[in-house]
Structure formats: structure tokens, C-alpha cells
Amino acid sequence: MTEKLIIHGGKALRGEVEISGAKNSVLKLMAACLLTGDSIELRNVPHLSDVVVMTQVLKHLGCDVDQQDDDRVYIQARNITSVEAPYDLVRKMRASFDVLGSLLGRFGEARVALPGGCSIGKRSVDLHVKGLIALGAEVEINHGYVEAKAAKLIGAEILLDTPSVGATENIMLAATMAEGSTIISNAAQEPEIVDLANFLNAMGADISGAGTNELLINGVKPSAMHGTTYTVMPDRIEAATYMMAGVGTRGDVTVNNVLPVHLSSLTHKLQEMGADIEMPTPNTMRIRCNQRLQAQNIVTQPFPGFPTDLQAPFMALLSIADGVSIVKETIYENRFKQVGELKRMGADIAVERDVAVVTGVPHLSGAEVNAHDLRAGAAMVIAGVQAEGTTQVYDLYHLDRGYEHIVEKMQSIGADIQRVPDTSERSTVPEDAV
Ligand code: UD1
């Protein structure tokens, strides 16, 4: 039975929310566990459907994976029985493509399905493949699979055309046990890259420069890699979502277990819009606002710029801000799926190619809307708590990919939100998304 959200909006949200471990980090850490036969303990692991999919991928390869009821997962890749990640798993989640670098790095071969069609843009994997070829792998694309082989990988200098997060990660994973040193220039600088590098170093790797645009990976011997215990970084996108829900309702919300430096591009914008932000502790942010937010322009950029993953949720805020805002999406070609739904709620938004012009309206009105992808779904929840009247959000499987206990967490800050069975006849086939 599928489910939907029912949100009665218009109430100021107040209270504290515990932020979970980062989806976009934990999936890569799980892929990295393939680089040793020893047992790994990951902590602060969120209960998300994407984590379930990555668990299925690792189990398919022969790993032991044991997710506890709390936030721990134990992973051991001692008895790997296959180096193939099949299409029916990879299509559900693009991040599973990261097992390519780990499998190639440890076993010298891998066969991983191409992620396939995607709802938010072309999302090619050409940079992943070019990087692995530069390390000495032979790579062929046959029957929808990337097939990579290498008797040995040799360190290389790799310049990425664009600072792709996934390509940086896949190359790091493959280069960890390569012979010699690898330099990745124009590397992604996202906090999740730093988390992966820290984790790999805790496993015995020798990686420096993470968080800058140049990564140095000194290849280590396989015997240098070992088990470890590691705590996943906080989810900056989840934290931002609750901060925006608070400020959009003119409320007072505190997010706990965050790293404020990860959120700077958002917090600067929110302050310029009129929000008051404090850091009562180094891992806590309190955001308040008791007036209408002012319009604000954003351009999505790789980190430390404004994250594309926050573009849709931020547009829900802009929909009721005072004035006209311009939103330019530079990372993906098709990431304005929230626009039609926000317009159903009364927003005034015009889109021309990669630019949306948002003219703030005094208020949104509740409506039936779709969560077309993960972050568009977050936008619908923010719009729903801001709106007058009742909003129903469908296709929740997108939200379940990236938001742990979203209903309970929203309720804990006073939102009137419930999850109920959706008895309407709707598609339930998840699309590949972020
Ligand atoms: C990751 C995040 C996603 C976020 C994105 C950008 C995960 C699971 N997902 O996705 O939430 O929106 O970073 O911050 O961590 N590209 C190419 N060729 C390639 C690879 C990428 O052209 O080989 C393009 C893509 O089409 C896209 C852009 O580069 O337009 C950014 O993609 P990338 O940084 O690789 O994003 P992901 O790692 O897929």
C-alpha cells in the first residue's frame, strides 16, 4: 500500500530536531567497505530506503551487512562472490554506481550497470570512465553495463572537466590501492568528499587535499587496508530542510548535530532575507523569523556555492517572499519539477530554460501535489507547512530515499502532518534520482 502525507499548514514551527547521518555520504562509505575484508562499523547511519538499496547491492556482491535498529551498520566484504552490480539494483539508485571504483580497485574487475535514464537530467558517467581509464583500466560499455578490468592500476594525473562528486569518489576509491600517486584536479570539494577521504584514511589509505580542488591519493598496499569504526557526517541537506521549514512558517527551529560550516551558502541567503541565525553550540543552529522573508536570487554551484539539492526547497520559501527572486540552476538540465506543483498551490513562477522567476505571493493555499523527486518532495513539505489549508503530498517513496522519520521530526516541531494510506491508483515505480 502506498502512502501520502496530509499537512494542515499555516502554523509557526517551533522546537528542536536531531539531524541524521548524511545520505550522500553513507552510501559512498558503504561502497568503500569493499576495499577491505575486515569488518567495518559505521555509526550515525540513517534508516533510509537508499541505504536499504546499497545494502542489497553489497549483499548481492557477497558482503555481510547487518543494520542494527539503532544507528549502527556492520559491513564485511570478506567473501565476495560476484563483481557484478545488476541493473535492477543500480537503476533504483545512482549512488550504487560507486561500487565500480571499489570493485576495480580491490579485485581488478567490475561489471556495473549504467544508472540509466534519470528524471533530473542527463547525468552521464563519462568522467567516471575517463578517470578509470587514466588509472590503466580497460573499460568497455556492453549491453548497458560498464565492464572494467585492470591487471594493476597505476596512479595518474586526472583533470576533471567538471567537479563531479560521483566521479571524484569513484576515482578515489579505485586509486586508493593503485601503484603510485594519483592527483585529481578540479575535484569536487563537497563535505561528503571529505567524509569519504577521512573514512578511507581511517581504513589505512593515504589521501590528502580533500575539501580543496586537488586531491592527492598515494596508493597503499592492500595489506595496509583494515577495518575501522567511523561516524557518518551530519546530513546538511536534511538540516537545511528543517531550517527552511522553520523560517518559512515564521517559527523558531533549532537543528542539532550539524556542522554549520557546511551550510554557509544557505545561511548567508537566509540572513539576507531577514532570518536571525545563532549557533548556541558548535553543532547547533537556531533559526528564527517573525516577518515576511525578502526575495533573494540564487545560482546553484558546486560546493561551497549554493547546493542544487536545496534549489527546490528554497523555491518554496521564495514563493511567499516579498518581491521577485531569480533562481538559476546550473548543475542539472531538468531540475524544476517542483514548479508545476508550487503553482498548483498558488505560486507565481515563470521558467525559461535554466532560470525561474519567482514573484512572491502573500500566501500559498493547500492542494494535492506530487513529490516528483527527492528534493522536489522536500519542497512540497515546506510549501505544505507554509500554506493555508490542507496539502496532500503523493509519491512518498522519493522522500523516503533521503529523509529519516520526516513525519515524526516535523511533528516534533509542531507541524500538523500525518502519513496515511494512499488509496488512489498511482504509479509506484521509483525513478532513478538523486
Ligand atoms: C551527487 C549527489 C546529488 C547532488 C550532486 C551535485 C549523491 C548520491 N548525490 O550526485 O545529490 O545533486 O552530487 O551536488 O551524492 N556529470 C557528467 N559526467 C559525469 C558525471 C557527472 O557530465 O561523468 C554531470 C552530471 O550530469 C551533472 C553534474 O555533472 O550535470 C553534477 O553531477 P555529479 O556531481 O556527478 O553528481 P552526482 O555525484 O551524481
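Predicted model: local features only at pLDDT ≥ 70, side-chain atom pairs only at ≥ 80, totals over all residues.
Trainee: Which residues of H4 are buried?

Mentor: They are Val-99, Leu-100, Gly-101, Ser-102, Leu-103, Leu-104 and Gly-105. After H4 comes Gly-108, which has a positive phi near 75 degrees.

Trainee: And how many residues are buried in H6?

Mentor: Helix H6 spans residues 165-175 and is mostly covered, with 10 of its 11 residues buried. Among them are Glu-169, Asn-170, Ile-171 and Met-172.

Trainee: What does the side chain of Ser-164 reach at the start of H6?

Mentor: A side-chain oxygen of Ser-164 comes to within 3.5 Å of the backbone nitrogen of Gly-166.

Trainee: Now to Lys-28. Is this residue buried or exposed?

Mentor: Lys-28 counts as buried because its relative accessibility is 9%, and buried means under 20%. The residue belongs to helix H1, residues 23-32.

Trainee: What does its side chain reach, and which residues is Lys-28 in contact with beyond its sequence neighbours?

Mentor: The side chain of Lys-28 reaches the backbone oxygen of Asn-24 at 3.4 Å. Leaving aside neighbours within four places in sequence, Lys-28 is in contact with Ala-95, Asp-98, Val-165, Glu-169 and Leu-196. Two of these names have come up already: Val-165 lies within the range of H6, and Glu-169 is one of the buried residues of that helix.

Trainee: Changing topic, how many cavities of 30 Å³ or more does the structure hold?

Mentor: There are 6 such cavities. The largest cavity contains about 50 Å³ of space.

Trainee: Which residues line the largest cavity?

Mentor: The lining consists of Thr-308, Gln-311, Ala-312, Arg-335, Lys-337, Gln-338, Asp-373, Arg-375 and Ala-376. By type, the lining residues divide into 2 nonpolar, 3 polar and 4 charged. Helices H10 and H12 each supply at least two residues of this lining.

Trainee: Where is Gln-338 placed, and is it buried or exposed?

Mentor: Gln-338 is in helix H11, residues 338-344. It counts as buried because its relative accessibility is 1%.

Trainee: Which side chain does Gln-338 join through a polar contact?

Mentor: A polar contact of 2.7 Å links the side chain of Gln-338 to that of Gln-311, and both residues belong to the lining of the largest cavity. Not counting residues up to four places away in sequence, Gln-338 touches Gln-311, Ala-312, Met-315, Ala-376, Ala-379 and Met-380.

Trainee: What about the second largest pocket: what is its volume?

Mentor: The second largest pocket has a volume of about 240 Å³. It is lined by 18 residues, of which Gly-248, Thr-249, Arg-250, Ile-320 and Gln-386 lie nearest its centre. Helices H8 and H12 each contribute at least two residues to the lining, which divides into 8 nonpolar, 6 polar and 4 charged residues.

Trainee: What is the phi of Arg-250, and where is the residue found?

Mentor: Arg-250 has a positive phi of about 60 degrees, although it is not a glycine. Most residues other than glycine have a negative phi. Arg-250 is found in the loop between helix H8 and strand E15. It counts as partly exposed because its relative accessibility is 40%.

Trainee: And Asn-44: what is its phi, and is it buried or exposed?

Mentor: The phi of Asn-44 is near 65 degrees, again positive in a residue other than glycine. Asn-44 lies in the loop between strand E3 and helix H2, and is buried, with a relative accessible area of 13%.

Trainee: Finally, in which sense do E4 and E5 pair?

Mentor: Strand E4, residues 64-67, and strand E5, residues 73-76, pair in the antiparallel sense over 4 bridges. A hairpin of 5 residues joins E4 to E5, and Val-65 stands opposite Ile-75 in E5.

Conventions:
Residues numbered from 1 in each chain as written. Heavy atoms only, no water. Pairing = 2+ DSSP bridges. Buried < 20%, exposed > 50% of the residue type's maximum accessible area, 1.4 Å probe, protein only. 1 Å grid on protein atoms, 1.4 Å probe; cavity = no way out; pocket = protein on both sides within 12 Å on 5 of 7 lines; lining within 4 Å. Points joined across faces, edges and corners; volume = space filled by probe spheres on them. Nonpolar A, V, L, I, M, F, W, Y, C, P; charged D, E, K, R; others polar. Polar contact = N/O pair within 3.5 Å; in protein donor to acceptor, adjacent residues only side chain to side chain. Contact = heavy atoms within 4.5 Å.
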